[in-house]
Every structure is written in C-alpha cells, then in structure tokens.
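Below is a short briefing on a predicted model, written for someone meeting it for the first time.

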Amino acid sequence: MMDCYLPEGRPSTTRRPADDALAILLDAYSSGQILEGQAISCSADHDLTVQFGNITGVIPRVETALGIEEGATKEIAILSRVGKPVCFTVIAIQEKNGMLSPVFSRRAAQRAALQHLYTLPEGAVLSATVTHLEPFGAFLDVGCGVVTMLGIENISISRIAHPAQRFTPGQQVYVILTGKEPSRGRVTVSHKELLGTWLENADLFSRGMTVSGYVRGVKSYGIFVELTPNLSGLAEMQEGVLPGDRVSVFLKAILPEKRKIKLLIIDKLPPAEAVPPLRYFITEGQVSGWQYAPAVNPHP
C-alpha cells in the first residue's frame with residue numbers, strides 16, 4: 001500500500017511534519033499531497049483543531065470525514081479523533097488576525113484513499129489498523145481513516161465467540177480486498193486467507209508434541225481445540241472443560257489425508273494475559289484462488 005494511503009497513525013515518510021511545516025503545507029496546498037497531524041480539540045460546532053508541526057489548522061465539520069455532510073457518518077466519528085492522528089489535505093491558506101490559519105480536509109484524504117483502493121485488484125493484500133470491536137466483527141482503518149467492517153466469520157477458519165479473541169484496538173493487521181462498491185463509498189475485506197491453509201498450519205506441528213490451545217467447541221463426541229486460528233483438532237471428552245478454556249494438549253496423530261488431528265487434553269491452563277499474536281503466511285501481493293484444504297475423498 002502506498003505510504004500516503006496508510007491507516008492513520010502509521011509511520012510515514014510522506015505525511016509527517018518536518019522542520020519547515022509551513023513550506024510543507026504550502027507545497028501540499030498546490031500539490032494535493034496527503035499530510036497527517038494531531039487533532040488537539042473539537043469545537044462546539046464539531047470543527048477539529050489540528051496541530052501540524054508548529055502550525056495549527058482547522059478541519060471544518062463537513063470536512064472531518066466522508067459521510068458527515070450527508071448524515072451517513074455519526075458525529076462521534078469527529079469527537080473520537082481528539083488526541084489522535086488525522087490525515088488531511090490542505091484546501092485553503094488563510095490569514096486570521098495577522099496569523100496563518102490553514103484549512104484542512106480529512107474528507108478529501110479519505111476520498112483519495114478510497115479511489116486508490118478502487119484501482120487495486122480483488123485479492124490485494126492491505127495493511128490495516130483495528131479501530132474498534134463489536135460482537136459481529138472488527139472495524140478497520142484501511143487507509144487515511146477509511147473504515148470498513150471485517151465480519152467475524154471472515155476473521156479465521158476457527159470460529160470465535162467475539163473478535164476480541166483475535167484482535168485488540170490499535171493492532172496492525174493484514175486483510176485482503178474482496179469487493180469494491182464505489183456507489184456506496186466502501187470496500188469489503190477478509191482476513192482468514194492470510195492465516196494459512198490446513199496443511200501450512202499442520203506443518204507447524206508433529207505427532208508427540210504437547211502444545212497449548214483454546215477450546216472452541218464441546219460436542220457429545222469430543223472437544224474441538226484450536227491450535228492456530230486456522231487449525232483445530234479433536235480431543236477426547238473430559239469433564240469440566242468449557243468453550244474458551246485454555247488447555248495443553250498432546251498430539252496423538254496428524255492425518256493429512258483426512259484433514260484430522262487427534263488430541264488428548266493434558267491440563268487446563270490459566271487464561272492468557274494478552275490476545276495471542278497472529279502468524280501471517282502472506283503479508284503482501286495478491287491472493288487469488290485460495291483454498292483452505294482440498295475435499296476429503298471418503299473412499300481413497
């Protein structure tokens with residue numbers, strides 16, 4: 001992803017102020033370059049005051065985000081930017097009371113980021129930042145504050161009860177572009193394709209290992225234990241084990257031809273202190289024709 005279209009708050013060689021903030025602002029005014037500053041306050045009229053180096057500018061309410069003017073974006077999207085980085089373009093350089101008073105547009109930066117996303121092929125890998133979590137999915141900044149929702153069903157192959165079992169707000173993640181809807185001003189994304197196929201994940205383990213995992217399902221015939229976000233095995237029934245428990249398991253058998261892993265639960269473990277880090281098998285380029293695992297032949 002081009003540096004200027006990264007999510008807000010990312011280290012960027014093109015968006016940050018240098019020693020001469022005024023020269024950068026004047027150049028950006030003529031070139032349309034996207035910059036980034038810090039929102040330091042929000043007025044009663046919902047205009048944002050933004051610090052860029054040693055210069056303070058204003059983002060008028062209608063320029064704070066795509067959809068604000070039309071009512072499609074809620075006002076909380078403005079208030080919640082205070083104290084955080086914001087991308088913008090320079091749309092005016094004014095003088096007020098003898099002082100420079102530039103006017104910025106976050107909406108224009110977001111529109112440019114969206115137009116860039118529309119030029120990418122489906123399957124393109126994007127760098128994103130988790131903004132907040134809901135039971136049904138994770139909201140991600142996919143560029144300059146453009147937010148899209150990643151549905152919980154597209155986070156991983158192993159099903160989870162809540163996105164907080166995978167992500168934390170502010171976390172950097174990777175997703176693939178799955179759809180473009182210019183008429184609605186949005187894109188759609190998925191995540192599970194970047195966490196590896198069944199075989200790629202199974203190759204991380206071998207028979208006889210003991211590892212930790214998470215209980216994701218308890219059935220009459222056994223207990224499903226997640227070894228990685230895209231790989232689970234089936235353990236024998238054991239009393240007192242519940243979904244969400246962290247357990248240690250012994251790998252009794254790995255059967256690639258049947259896509260099965262047989263486990264034995266050794267012990268219940270204390271809850272993890274933090275969300276486990278994600279292992280990505282792909283972090284750049286494009287994903288096309290992804291298949292988690294080939295169909296199992298019941299009569300080999």
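**T89 and its surroundings**
- T89 belongs to strand β4, which covers residues 85-96.
- Leaving aside residues up to four places away in sequence, T89 touches G32, Q33 and I34, and it also touches V103, F104, S105, A108 and A109.

**The largest pocket**
- The volume of the largest pocket is about 1300 Å³.
- Its lining is made up of 36 residues, of which T73, A77, G145, V146 and V147 are the closest to the centre of the pocket.
- Sorted by class, the lining of the largest pocket holds 13 nonpolar, twelve polar and eleven charged residues.

**The second largest pocket**
- The second largest pocket has a volume of about 310 Å³.
- Among the 20 residues that line the second largest pocket, those closest to its centre are L227, T228, P229, P276 and P277.
- Strands β11 (210-219) and β12 (222-228) are the elements that give two or more residues to this lining, and β11 gives the most, with four residues.
- The lining of the second largest pocket divides into nine nonpolar, six polar and five charged residues.

Terms used. Residues are numbered from 1 along each chain as its sequence is written. This is a predicted model: local features need pLDDT of at least 70, side-chain atom pairs count only at pLDDT 80 or more; totals for chains, interfaces and linings use all residues. Side-chain values use heavy atoms; hydrogens and water are left out. On a 1 Å grid over the protein atoms alone, a cavity is a set of points where a 1.4 Å probe fits but cannot get out, and a pocket is an open set with protein on both sides within 12 Å along at least five of seven lines; lining residues have an atom within 4 Å of a point. Grid points are joined across faces, edges and corners, and a volume is the space filled by probe spheres set on the points. Ala, Val, Leu, Ile, Met, Phe, Trp, Tyr, Cys and Pro count as nonpolar, Asp, Glu, Lys and Arg as charged, and the others, Gly among them, as polar. Contact means heavy atoms within 4.5 Å.
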